[in-house]
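Please read this briefing beside the sequence and the 3D view shown next.

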Amino acid sequence: GDLEGAAVLYREALAASRETLGDRHPETLTSIFNMAVLLYQKGEEEEAKLLCQEAVSASKEVLGVEHPDTKARMNNPWGIC
């Protein structure tokens with residue numbers, strides 16, 4: 001697929017989510033994590049790791065450690081975080 005094109009769209013969606021919902025909204029956290037996965041797939045591992053850590057940290061605070069979304073981010077199959 002067109003990872004470069006997808007990255008542009010993901011960045012736009014993430015920026016809009018941060019602006020309209022806030023940095024700690026569950027949907028924003030999903031967008032942050034999705035952006036991390038895409039960047040990892042593009043080989044941009046350093047930025048991917050930072051975003052993944054942001055998503056996991058905020059998920060723990062907002063949703064709790066036992067929430068399925070938090071657990072999925074912490075134990076992602078890519079091993080990003």
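The chain exposes about 4,700 Å², and carbon and sulfur atoms supply 52% of that area, where accessible areas come from the Shrake-Rupley method with a 1.4 Å probe and, for residues, only the protein chains shown count as cover. This is a predicted model, in which local features need pLDDT of at least 70 and side-chain atom pairs count only at pLDDT 80 or more, while totals for chains, interfaces and linings use all residues. Residues are numbered from 1 along each chain as its sequence is written, and side-chain values use heavy atoms, with hydrogens and water left out.

**Overall form**

- The chain holds four helices and zero strands, and its pattern along the sequence reads α-α-α-α; helices (H or I, at least four residues) and strands (E, at least two) are DSSP runs numbered from the N terminus.
- Along its principal axes, the C-alpha trace of the chain spans about 35 × 30 × 20 Å.
- The radius of gyration of the chain is 12 Å, which agrees with the value near 12 Å for a compact globule of 81 residues; this radius is taken over C-alpha atoms, and the globule rule is 2.2 Å times the number of residues to the power 0.38.

**Interior**

- Buried residues make up 30% of the 81 residues, where buried means under 20% relative accessible area, exposed over 50%, and partly exposed in between (1.4 Å probe, protein chains only).
- The largest nonpolar core has 17 residues, and those with the most contacts inside it are Ile32, Phe33, Met35, Leu39, Leu51, Cys52 and Ile80; such a core is a set of buried Ala, Val, Leu, Ile, Met, Phe, Trp, Tyr and Cys residues joined through side-chain atoms within 4.5 Å.
- Two or more residues of this core come from each of α1 (3-21), α2 (26-41) and α3 (45-62), and the largest share, eight residues, belongs to α2.
- Once its neighbours within four places in sequence are set aside, Met35 is in contact with Ala7, Tyr10, Arg11, Leu14 and Leu51, contact meaning heavy atoms within 4.5 Å.

**Arg24 in its loop**

- Arg24 is found in the loop between α1 and α2, and this residue counts as partly exposed because its relative accessible area is 39%.
- Although Arg24 and Glu61 are 37 residues apart in sequence, they are 8.8 Å apart in space, C-alpha to C-alpha.
- Leaving aside neighbours within four places in sequence, Arg24 is in contact with Leu29, Ala58, Glu61 and Val62.
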